[in-house]
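Biologist: Hello! I am new to this structure and would like a friendly tour. Could you show it to me and then take my questions?

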Amino acid sequence: MPSDALVKLLNRYGYQAVFLPRTGLLPPEIYTYVKPSLKRRGPLSDYMDTSQLTVNQGRLSNLEGQQTGGKRLQAAVDFLRSALQLLGISSIPKVDLKFTGASEFVFSFANVTYLSVDPTKIDRLLQQLTVPLAIPDDRVESGALHIAYEYAYATTLQMSRSDQQAFDIDVSGKIADFINVGGGAKVESQDNTVISFSTPDLQAAAFAYRAGRLRRSGTRWTFEPELVMRGSSATGPAATPPTFIAAEEHVIRVIDEPFSNSRLGRF
């Protein structure tokens, strides 16, 4: 998916925007990116003992309410379907935006939080590791291997007209006539200007992550979170020092594909 305002903002704060295949993800996790495929390889704990790592949590108020760039009707429908899948809503029988009376829309996330592991502690832990991880050499040598040490989550996706005007039809109490997501989510109209989609039981779903590249020299591993894989155009305080971003200015769809026989069971 091409870049827009929200994706650029995420990049400036060091986040890779993603469409993930499931909810309930916790850092740290291993990924590989070989264009155009981003593959989730599973928790770092599948490869080594991570019991020393502490997961911290908090709110990301600076990302709440930040809107995408305006999307024309079909692009808006496509984004909506993908974003709802990101929130764990996979069955979307019907999306009809004609009631809005608009041809361009914006989206934003609400109730944004994060879970994070201190990347310096990951690096120290890896430097104590003297046995190889069961990861194919080509993925390591190509620079495609990285660890997501922080996830950004949201429970709610909001949609409105780009011009911020009210919808042509008052859909209060009958939004399901136009947008049907089955029983997988709560959908409601707010002041007939915003449609709000919430995850079941307000379960937080990850929509972006911060990561660092995982490198190996002999049997030694190092973690490089302050590294940009491709030249970054991000500017401003949030981008200094630069952070690893696998595919800048793009939202990548994640394939869930653990390495085979990854658990070593000895450290």
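Modeller: Gladly! Buried means under 20% relative accessible area, exposed over 50%, and partly exposed in between (1.4 Å probe, protein chains only). Helices (H or I, at least four residues) and strands (E, at least two) are DSSP runs, numbered from the N terminus. This is a predicted model, where local features need pLDDT of at least 70, side-chain atom pairs count only at pLDDT 80 or more, and totals for chains, interfaces and linings use all residues. Residues are numbered from 1 along each chain as its sequence is written, and side-chain values use heavy atoms, with hydrogens and water left out.

Biologist: Which residues are buried in helix α1?

Modeller: Helix α1 covers residues 5-12. Its buried residues pack against β1 (16-19), β7 (104-110), β14 (205-217) and β16 (251-256), where contact means heavy atoms within 4.5 Å. The buried ones are L6, V7, L9, L10 and N11.

Biologist: Which residue is the bridge partner of A17 in β14?

Modeller: Two strands pair if DSSP finds at least two bridges between them. β1 and β14 pair in the antiparallel sense, over 2 bridges. In β14, the partner of A17 is A208.

Biologist: How many bridges join β14 to strand β15?

Modeller: Strand β14 also pairs with β9 (residues 145-154), antiparallel over 8 bridges, and there A148 stands opposite A211. With β15 (residues 220-224) the sense is antiparallel too, and L214 stands opposite F223. The number of bridges between β14 and β15 is 5.

Biologist: How much space lies in the largest cavity?

Modeller: On a 1 Å grid over the protein atoms alone, a cavity is a set of points where a 1.4 Å probe fits but cannot get out, and lining residues have an atom within 4 Å of a point. Grid points are joined across faces, edges and corners, and a volume is the space filled by probe spheres set on the points. A search of the whole structure finds 1 cavity of 30 Å³ or more. Its space is about 100 Å³.

Biologist: Which residues of the lining lie nearest the centre of the largest cavity?

Modeller: The lining has 14 residues, and α1, β1 and α2 (73-86) each supply at least two. Nearest the centre are L6, V7, F79, F109 and V251.

Notes: 1 Å grid on protein atoms, 1.4 Å probe; cavity = no way out; pocket = protein on both sides within 12 Å on 5 of 7 lines; lining within 4 Å.
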